[in-house]
Amino acid sequence: MTDTKTAPKKTTKAADAPKATKGSSADVATGVAQFLTPVVQELVALAVNGKQAHWHVRGVNFIAVHELLDEVVAHAQGWADEAAERVVALGLPVDGRLKSVADKSGAVNPKLGFQPYDEAIADVVAQIDLATEKVNDAIEGLEDLDPASQDVAIEIRRGLDKDRWFLFSHVAVK
(Lines give C-alpha, C1' and ligand atoms only; values in the text may rest on other atoms or scores of the structure.)
Protein backbone atom coordinates (compact mmCIF):
# COMPACT_ATOMS: atom_id res chain seq x y z
CA MET A 1 0.00 0.00 0.00
CA THR A 2 1.28 3.48 -0.82
CA ASP A 3 2.00 5.77 2.09
CA THR A 4 0.25 8.98 1.10
CA LYS A 5 2.44 11.01 3.42
CA THR A 6 5.68 9.98 1.66
CA ALA A 7 4.44 9.19 -1.85
CA PRO A 8 5.47 11.73 -4.49
CA LYS A 9 2.76 14.22 -5.32
CA LYS A 10 1.40 14.37 -8.83
CA THR A 11 2.06 17.60 -10.65
CA THR A 12 -0.66 19.20 -12.68
CA LYS A 13 1.40 21.89 -14.37
CA ALA A 14 2.99 20.98 -17.70
CA ALA A 15 6.04 23.02 -16.76
CA ASP A 16 6.59 20.80 -13.71
CA ALA A 17 6.53 17.58 -15.71
CA PRO A 18 9.90 16.05 -16.66
CA LYS A 19 10.93 16.62 -20.26
CA ALA A 20 11.65 13.38 -22.10
CA THR A 21 11.98 14.94 -25.52
CA LYS A 22 12.93 18.23 -27.14
CA GLY A 23 10.67 20.13 -29.51
CA SER A 24 6.96 19.73 -30.11
CA SER A 25 5.42 16.28 -30.00
CA ALA A 26 4.69 16.55 -33.74
CA ASP A 27 8.36 17.33 -34.44
CA VAL A 28 9.47 14.44 -32.26
CA ALA A 29 7.08 12.02 -33.95
CA THR A 30 8.26 13.13 -37.39
CA GLY A 31 11.89 12.73 -36.38
CA VAL A 32 11.31 9.32 -34.84
CA ALA A 33 9.49 8.18 -37.99
CA GLN A 34 12.37 9.49 -40.12
CA PHE A 35 14.84 7.28 -38.25
CA LEU A 36 12.75 4.21 -37.40
CA THR A 37 10.92 3.70 -40.71
CA PRO A 38 14.15 2.68 -42.53
CA VAL A 39 14.87 0.33 -39.63
CA VAL A 40 11.44 -1.26 -40.05
CA GLN A 41 11.97 -1.63 -43.79
CA GLU A 42 15.39 -3.27 -43.45
CA LEU A 43 14.09 -5.63 -40.78
CA VAL A 44 11.14 -6.65 -42.95
CA ALA A 45 13.58 -7.32 -45.80
CA LEU A 46 15.76 -9.34 -43.41
CA ALA A 47 12.75 -11.40 -42.34
CA VAL A 48 11.69 -12.14 -45.92
CA ASN A 49 15.19 -12.89 -47.21
CA GLY A 50 16.05 -14.83 -44.06
CA LYS A 51 13.04 -17.05 -44.63
CA GLN A 52 14.14 -17.62 -48.23
CA ALA A 53 17.55 -18.75 -46.92
CA HIS A 54 15.86 -20.89 -44.25
CA TRP A 55 13.90 -22.81 -46.89
CA HIS A 56 16.85 -23.35 -49.21
CA VAL A 57 19.92 -23.88 -47.05
CA ARG A 58 21.89 -27.08 -47.59
CA GLY A 59 25.02 -28.58 -46.08
CA VAL A 60 26.60 -30.63 -43.33
CA ASN A 61 25.18 -28.46 -40.55
CA PHE A 62 21.82 -28.01 -42.23
CA ILE A 63 19.56 -28.46 -39.23
CA ALA A 64 21.50 -26.03 -37.01
CA VAL A 65 21.57 -23.30 -39.67
CA HIS A 66 17.98 -23.99 -40.77
CA GLU A 67 16.71 -23.58 -37.19
CA LEU A 68 18.95 -20.59 -36.47
CA LEU A 69 17.65 -18.81 -39.57
CA ASP A 70 14.12 -19.32 -38.27
CA GLU A 71 15.14 -17.57 -35.04
CA VAL A 72 16.77 -14.70 -36.96
CA VAL A 73 13.55 -14.26 -38.95
CA ALA A 74 11.42 -14.28 -35.80
CA HIS A 75 13.71 -11.72 -34.16
CA ALA A 76 13.62 -9.45 -37.23
CA GLN A 77 9.83 -9.63 -37.31
CA GLY A 78 9.60 -8.80 -33.61
CA TRP A 79 12.03 -5.88 -33.85
CA ALA A 80 10.26 -4.51 -36.94
CA ASP A 81 7.02 -4.65 -34.99
CA GLU A 82 8.58 -2.91 -31.99
CA ALA A 83 10.07 -0.10 -34.09
CA ALA A 84 6.86 0.32 -36.11
CA GLU A 85 4.71 0.42 -33.00
CA ARG A 86 6.95 3.12 -31.51
CA VAL A 87 6.27 5.34 -34.53
CA VAL A 88 2.55 4.57 -34.42
CA ALA A 89 2.42 5.21 -30.67
CA LEU A 90 3.72 8.70 -31.38
CA GLY A 91 0.85 9.26 -33.80
CA LEU A 92 2.28 8.64 -37.27
CA PRO A 93 1.86 5.77 -39.72
CA VAL A 94 4.81 3.65 -40.79
CA ASP A 95 5.31 2.24 -44.27
CA GLY A 96 6.18 -1.44 -44.13
CA ARG A 97 4.34 -2.40 -47.30
CA LEU A 98 6.07 -4.91 -49.55
CA LYS A 99 6.61 -2.50 -52.47
CA SER A 100 7.96 0.20 -50.17
CA VAL A 101 10.33 -2.25 -48.53
CA ALA A 102 11.50 -3.52 -51.93
CA ASP A 103 12.00 0.04 -53.21
CA LYS A 104 13.74 1.45 -50.14
CA SER A 105 15.71 -1.42 -48.67
CA GLY A 106 19.33 -1.82 -49.65
CA ALA A 107 18.88 -5.61 -49.64
CA VAL A 108 20.05 -7.59 -52.61
CA ASN A 109 17.51 -10.07 -53.93
CA PRO A 110 18.83 -13.46 -52.76
CA LYS A 111 19.69 -16.16 -55.24
CA LEU A 112 16.75 -18.37 -56.11
CA GLY A 113 17.04 -22.02 -55.23
CA PHE A 114 19.16 -24.12 -52.91
CA GLN A 115 22.33 -22.69 -51.39
CA PRO A 116 25.27 -24.12 -49.49
CA TYR A 117 25.03 -23.10 -45.86
CA ASP A 118 28.05 -20.76 -46.05
CA GLU A 119 26.53 -18.79 -48.95
CA ALA A 120 23.14 -18.61 -47.25
CA ILE A 121 24.79 -17.35 -44.06
CA ALA A 122 26.85 -14.77 -45.98
CA ASP A 123 23.68 -13.42 -47.61
CA VAL A 124 21.83 -13.14 -44.29
CA VAL A 125 24.83 -11.61 -42.52
CA ALA A 126 25.04 -8.99 -45.30
CA GLN A 127 21.35 -8.23 -44.72
CA ILE A 128 21.96 -7.95 -40.98
CA ASP A 129 24.79 -5.51 -41.72
CA LEU A 130 22.41 -3.35 -43.80
CA ALA A 131 19.85 -3.33 -41.01
CA THR A 132 22.58 -2.50 -38.50
CA GLU A 133 23.58 0.56 -40.55
CA LYS A 134 20.00 1.88 -40.36
CA VAL A 135 19.83 1.09 -36.66
CA ASN A 136 23.12 2.93 -36.05
CA ASP A 137 21.71 5.98 -37.88
CA ALA A 138 18.64 5.79 -35.65
CA ILE A 139 20.69 5.49 -32.47
CA GLU A 140 22.70 8.56 -33.41
CA GLY A 141 19.75 10.61 -34.68
CA LEU A 142 17.45 9.82 -31.76
CA GLU A 143 19.95 10.57 -29.01
CA ASP A 144 18.78 14.14 -28.38
CA LEU A 145 15.40 13.85 -30.09
CA ASP A 146 13.74 11.05 -28.14
CA PRO A 147 15.66 8.86 -25.68
CA ALA A 148 12.79 6.34 -25.42
CA SER A 149 12.91 5.74 -29.17
CA GLN A 150 16.69 5.60 -29.06
CA ASP A 151 16.35 2.85 -26.46
CA VAL A 152 14.25 0.83 -28.91
CA ALA A 153 17.00 1.19 -31.52
CA ILE A 154 19.73 0.25 -29.05
CA GLU A 155 17.88 -2.91 -28.06
CA ILE A 156 17.47 -3.87 -31.72
CA ARG A 157 21.20 -3.29 -32.25
CA ARG A 158 22.08 -5.62 -29.40
CA GLY A 159 19.92 -8.34 -30.88
CA LEU A 160 21.26 -7.91 -34.41
CA ASP A 161 24.81 -8.14 -33.09
CA LYS A 162 23.99 -11.40 -31.32
CA ASP A 163 22.22 -12.93 -34.34
CA ARG A 164 25.13 -11.92 -36.59
CA TRP A 165 27.60 -13.53 -34.18
CA PHE A 166 25.60 -16.78 -34.00
CA LEU A 167 25.37 -17.01 -37.78
CA PHE A 168 28.94 -15.97 -38.50
CA SER A 169 30.21 -18.53 -36.00
CA HIS A 170 29.06 -21.28 -38.37
CA VAL A 171 31.54 -20.16 -41.03
CA ALA A 172 34.38 -18.51 -39.06
CA VAL A 173 37.61 -20.48 -39.24
CA LYS A 174 39.84 -19.12 -36.48
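A helix here is a DSSP run of H or I with at least four residues, a strand is a run of E with at least two, and both are numbered from the N terminus. The expected span of a helix is 1.5 Å times one less than its number of residues.

**Entry: ground rules.** I am reading a predicted model, where local features need pLDDT of at least 70, side-chain atom pairs count only at pLDDT 80 or more, and totals for chains, interfaces and linings use all residues. Residues are numbered from 1 along each chain as its sequence is written, and side-chain values use heavy atoms, with hydrogens and water left out.

**Entry: overview.** I found five helices and two strands in the protein. Starting at the N terminus, I read their order as α-β-α-α-β-α-α. I then looked up burial (buried is under 20% relative accessible area, exposed over 50%, partly exposed in between, with a 1.4 Å probe and protein chains only). Of the 174 residues, 37% are buried. For contacts (heavy atoms within 4.5 Å), I took pairs at least 6 apart in sequence, and 81% of these join residues at least 24 apart.

**Entry: helix α1.** How far apart are the end C-alpha atoms of α1? I found 46 Å, which agrees with the 46 Å that its 32 residues should span at 1.5 Å a residue. Next I checked the bend, the angle between axes fitted to the seven residues ending at a position and the seven starting there. α1 bends by about 30 degrees at L36, and the proline P38 follows within four residues.

**Entry: helix α5.** I looked at residues 147-168, which form α5 with 22 residues. From first C-alpha to last, α5 reaches 31 Å, close to the expected 32 Å. Its buried residues include V152, I156, L160 and L167. Among the elements covering them I noted α1 (25-56), α2 (62-89) and α4 (117-142).

**Entry: L68.** I found L68 in helix α2. Is L68 buried or exposed? L68 counts as buried because its relative accessibility is 9%. L68 and L167 stand 99 residues apart in sequence, yet their C-alpha atoms are 7.5 Å apart in space. Leaving out residues up to four places away in sequence, L68 touches F166, L167 and H170.

**Entry: S100.** I placed S100 in helix α3, residues 98-104. With a relative accessible area of 9%, S100 is buried. Which residues does S100 touch, not counting those up to four places away in sequence? I noted Q41, D95 and S105.
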